[in-house]
Amino acid sequence: MDISALLKSLEASGLATKIRDSVYLFPLLESMHVLGLALVFGTISIIDLRLLGLASTQRSFQRMASDILKWTWAAFALTALTGSLMFTTNATVYYHNFYFRAKMLVLALTGINMLFFELTAARTVRDWDQAPSAPRAGKAVAALSLAMWIGVICLGRLIGFTTSRAAAAPPAPAGVSFDDFLGTPNNSGGTPTTPAPHK
Amino acid sequence: MVKQFAEWLSTTSPSVFIQNHNAWVIPAIQSIHIIGIAVVLGSVFMVYMRILGWAGMDQTLRQTTTRFAPWVTNGLYLMLATGILLVIGEPVRELVTFSFWLKMFLVAVSAVFAVAFQSSLRKNEQRWEETLVKRRSIQGLAILTFLIWVGIIILGRLIAYDHIWGPWSPATKA
């Protein structure tokens, strides 16, 4: 099965149809996606700042990691799940969107970055657990992590702007139009200055 | 009246500037706004976790709030600044919505809770550390205030979809 057929079958799935047909589901999924990513970035940055020696410097790194990272993963699961569900509603458009691809690439790089941490600084964690900052490799991983997660957030926001009609893009392929569930929201009052709602 | 104000605001030059560059200005400001909410949510989350006894138990409550309160405060300033820019850039889209005003109400409630908590902790530090933090009602309040933050985030996103409120949304009225 080639990729475009796979994308089409995702779009045609009962779940995707249900989300598209509902007035509430897509906005709620997107809200939960923002909630999840806020917790992911909020908690990861606490760990990164600790590695960099910029905050929580007097605390045990391992203690903080075991306190916090389970919540990061839980929030990541929520974000990935809601993101995947949003993807299914318009899979072809997202798949071909530049910012979506860039975001997936940076997400993969954050995974490699984490793996690099496990193979370097994490191996000697007993030596620096109580030190105010991590060794050089750990600091580099932390700085990269902060930069990449900020990038993921910005790219994610750009996906919304380039896959909806707000970007004045050519109409979406028949059958997968976002306009169907976006409706014609707030121009009934005749407010010409109002742009179409952003995704 | 709000609508008239929003329409007037949209004719002012800062607003026109943002509208003319909205392809990148609006996503950029929104991204910073989201980074701000992430910092705030992550920080208040750690304080609530400490109150519930689920994280940071190697620290006192006071140490925990000393670590995170400045991030909450500064994060909120960042959100206020970027939020104001978003309102200036798209006044009608932001102000003529049910979600925006409910969100602002919840932000005000959260701010009152946060200030009351901080001043109470300052005055009764020992009592907070030894007894209050273990009290069920306080823990319930911590969960409630965290849920208010969750509500604020959800409503922030729903501003873009105000029609889901049906007749409650001022945008659906003529």
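Which side chains of chain B and chain A meet in a salt bridge at 2.3 Å, N to O? They are those of B:R157 and A:E30, where a salt bridge is a side-chain nitrogen of Lys or Arg within 4 Å of a carboxyl oxygen of Asp or Glu.

This is a predicted model, in which local features need pLDDT of at least 70, side-chain atom pairs count only at pLDDT 80 or more, and totals for chains, interfaces and linings use all residues. Residues are numbered from 1 along each chain as its sequence is written, chains are lettered from A and ligands numbered from 1 in the order in which they are written, and side-chain values use heavy atoms, with hydrogens and water left out.

**Chain A as a whole**

- Chain A has 9 helices and 0 strands; helices (H or I, at least four residues) and strands (E, at least two) are DSSP runs, numbered from the N terminus.
- Of the 199 residues in chain A, 48% are buried; buried means under 20% relative accessible area, exposed over 50%, and partly exposed in between (1.4 Å probe, protein chains only).
- Among contacts in chain A with a separation of 6 or more, 74% are between residues 24 or more positions apart; contact means heavy atoms within 4.5 Å.

**The interface of chain B and chain A**

- The size of an interface is often given as the accessible area lost when the parts come together.
- Between chain B and chain A about 3900 Å² is buried, with 70% given by carbon and sulfur atoms; buried area is the accessible area (1.4 Å probe) that two parts lose on being put together, summed over both.
- Chain B brings 42 residues to the contact and chain A brings 45 residues.
- Across the interface there are 2 salt bridges.
- On the side of chain B that touches chain A, the elements giving two or more residues are α1 (2-9), α3 (25-52), α4 (61-89), α5 (91-95) and α8 (136-158) of chain B.
- The largest share of that side, 14 residues, comes from α3(B).

**Salt bridges**

- Over all chains, the structure holds 9 salt bridges.
- In the pair of A:E30 and B:R157, the side chains meet at 2.3 Å, N to O.
- A:E30 lies in helix α3 of chain A and B:R157 in helix α8 of chain B, so this pair joins two chains.
- Both A:E30 and B:R157 are buried.
- A:E11 and A:K8 also meet in a salt bridge (3.9 Å, N to O), and they are separated by about one helical turn because they are 3 residues apart in helix α1 (residues 3-12) of chain A.
- A:E11 is buried at 3% relative accessibility, whereas A:K8 is partly exposed at 43%.
- B:R62 forms a salt bridge with B:E125, their closest N and O atoms being 3.1 Å apart.
- This pair links distant parts of the chain, with B:R62 in helix α4 and B:E125 in helix α7 (residues 125-130) of chain B, 63 residues apart.

**A buried serine**

- B:S110 is found in helix α6 (residues 98-123) of chain B and is buried, with a relative accessible area of 4%.
- Not counting residues up to four places away in sequence, B:S110 touches B:I148, B:W149 and B:I152.
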